[in-house]
Amino acid sequence: MNHSAVWHPFTQHALEPPMKRITATEGAYLIDEDGNRLLDAISSWWVITHGHRHPRIMEAIRTATETYDQIIFAEFTHEPAERLAAGLIDIAPPGLRHVFYSDSGSTSVEVAIKMALGYFHNRGEVRNRIVVMEGSYHGDTIGTMSAGERGVFNSAYEPLLFGVDRLLFPEPGREQEVLDRFEALCRTGGIAALLIEPLILGAGGMKIYAASVLAGLQQIAARHGCLLIADEVMTGWGRTGTMFACEQAGITPDILCTSKGLTGGALPLAATLATAEIFEAHLSSDRRKTFFHSSSYTANPIACAAAVANLEVWRSEPVFERIRAIEETHRQQLARFEGDMRFTRIRQAGTIAALDAAVPAGGYLAEAGPRMRRLFRERGLLIRPLGNVLYLMPPYCVTGQELTRAYDAIDEVASLVLDRDR
Ligand SMILES: *Cc1c(COP(=O)(O)O)cnc(C)c1O
């Protein structure tokens, strides 16, 4: 057991205890080899929306395996991919017309960047710079790391990362400054696209900004013919309270990336949605204008069938009622930390709640995170702080009682970890 060949993601194996085996999943829970039930308060890295092993999605997967495995997706198409594409266009912000499949959030963003560059290239316009927001995260491939925040996570790869233009995070009071800076960048004429996480930066620390800023950025982009790419990989599928976060700003991006909740979290799949204009820029009798991108498992039929079933869950079950209930519990429970010296920046965006632990300065933070994770585990909870940011992003089947238990644990663990240094 201690000699596993597996190299885990974002894991310092020299410091972590041996990995616990999860032997089953069920609703809001992971069940480990010792029979412990862990409340999955972060939806297994944000992918599980309705709950683990939703019966309808599992059934669709079983049925799909009776007729499909992988099918080459050039020259051919299949029913699950067609139904899913039509269903996505139905629920996406109006104006998105085409669906390009890939397999992960990172690839959906890579595809978006390539679509944007291809769009201008095919039109004979020299525009190839990408604008991003400070603190953003778009994935771990070279392209998406280039667009994301730089730091210890990617310093080794820095020599290979391409340059992008960065906007400051639009803190309250600084919104106009950020809009003006974007407008100034657009005026240079070389900007192809603004790539942005709408409303909330996820891995960057659950930082929330106003929908009006997103709307303002969209207007500026449109005015200058610059494309807007919404990375809804985390925010999609109800996380911020609406199906997609862009809805809250009343905007349609030119390109929208979705992945995490697309199959309800059951199987890997991603989609990049684009407007007719972007698709048509790649439409030509000249083969050089083809959109040159594919991954082997593009539009895997079983994953597509899972996603079609996910759409049916959204259509037939009161998912938004569940979301409203989670929002309400967050509101009530977060209130207990108002004015609490251990926490700052208490915030909420739909089903996502976050607060910053007031960790004393002096490099103690690196130790606090893993310690808190361990303490949560001992209390039957999967919660992984991002630095000093404690957050909850539960699957929608979670009950008010379960969520309250997570808040009780945050209260208790914060006391154990934070009060020591006071
Ligand atoms: C998780 C995430 C990604 C990357 O998705 P993967 O499936 O892990 O490649 C991209 N963008 C955002 C906003 C994310 O939260």
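Me: Is Lys-260 buried, exposed or partly exposed?
Reply: This is a predicted model, where local features need pLDDT of at least 70, side-chain atom pairs count only at pLDDT 80 or more, and totals for chains, interfaces and linings use all residues. Residues are numbered from 1 along each chain as its sequence is written, and side-chain values use heavy atoms, with hydrogens and water left out. Buried means under 20% relative accessible area, exposed over 50%, and partly exposed in between (1.4 Å probe, protein chains only). Lys-260 has a relative accessible area of 22%, so the class is partly exposed.

Me: Where is Lys-260, and which feature does UniProt place there?
Reply: Lys-260 sits in the loop between β11 (255–258) and β12 (270–275). Helices (H or I, at least four residues) and strands (E, at least two) are DSSP runs, numbered from the N terminus. UniProt positions use the numbering used here, feature names are shortened, and annotations may be inferred rather than shown by experiment. The unreviewed UniProt entry gives Lys-260 as "modified residue: N6-(pyridoxal phosphate)lysine".

Me: Which residues does Lys-260 touch, not counting residues up to four places away in sequence?
Reply: Contact means heavy atoms within 4.5 Å. With residues up to four places away in sequence not counted, Lys-260 touches Trp-45, Trp-46, Val-47, Val-233, Met-234 and Gly-265.

Me: Which residues surround the ligand?
Reply: A residue is near a molecule if one of its heavy atoms lies within 4 Å of it. The ligand is surrounded by Trp-46, Ser-104, Gly-105, Ser-106, Tyr-137, His-138, Gly-139, Glu-197, Asp-231, Val-233, Met-234 and Lys-260.

Me: How many residues of each class are in the shell around the ligand?
Reply: Ala, Val, Leu, Ile, Met, Phe, Trp, Tyr, Cys and Pro count as nonpolar, Asp, Glu, Lys and Arg as charged, and the others, Gly among them, as polar. By that scheme, the shell around the ligand has four nonpolar, five polar and three charged residues.

Me: Which residue has a polar side-chain atom 2.7 Å from a nitrogen atom of the ligand?
Reply: A polar contact is a pair of N or O atoms within 3.5 Å; within protein, one must be able to donate a hydrogen and the other to accept it, and residues adjacent in sequence count only if both atoms are side-chain atoms. A ligand oxygen is 2.8 Å from a polar backbone atom of Gly-105. A ligand oxygen is also 2.6 Å from an N or O atom in the side chain of Ser-106. For the ligand nitrogen at 2.7 Å, the residue is Asp-231.

Me: What percentage of the ligand's area does the protein bury?
Reply: Accessible areas come from the Shrake-Rupley method with a 1.4 Å probe; for residues, only the protein chains shown count as cover. Taken alone, the ligand exposes 380 Å². The share buried by the protein is 83%.

Me: Is Asp-340 buried or exposed, and what does its side chain contact?
Reply: Asp-340 lies in the loop between α10 (319–335) and β13 (343–349). Its relative accessibility is 16%, so Asp-340 counts as buried. At 2.6 Å, the side chain of Asp-340 makes a polar contact with the side chain of Arg-342.

Me: What is the phi of Ser-43?
Reply: Ser-43 is in helix α1 (residues 43–46). Ser-43 is buried, with a relative accessible area of 0%. Ser-43 is not a glycine, although its phi is positive, at about 50°.
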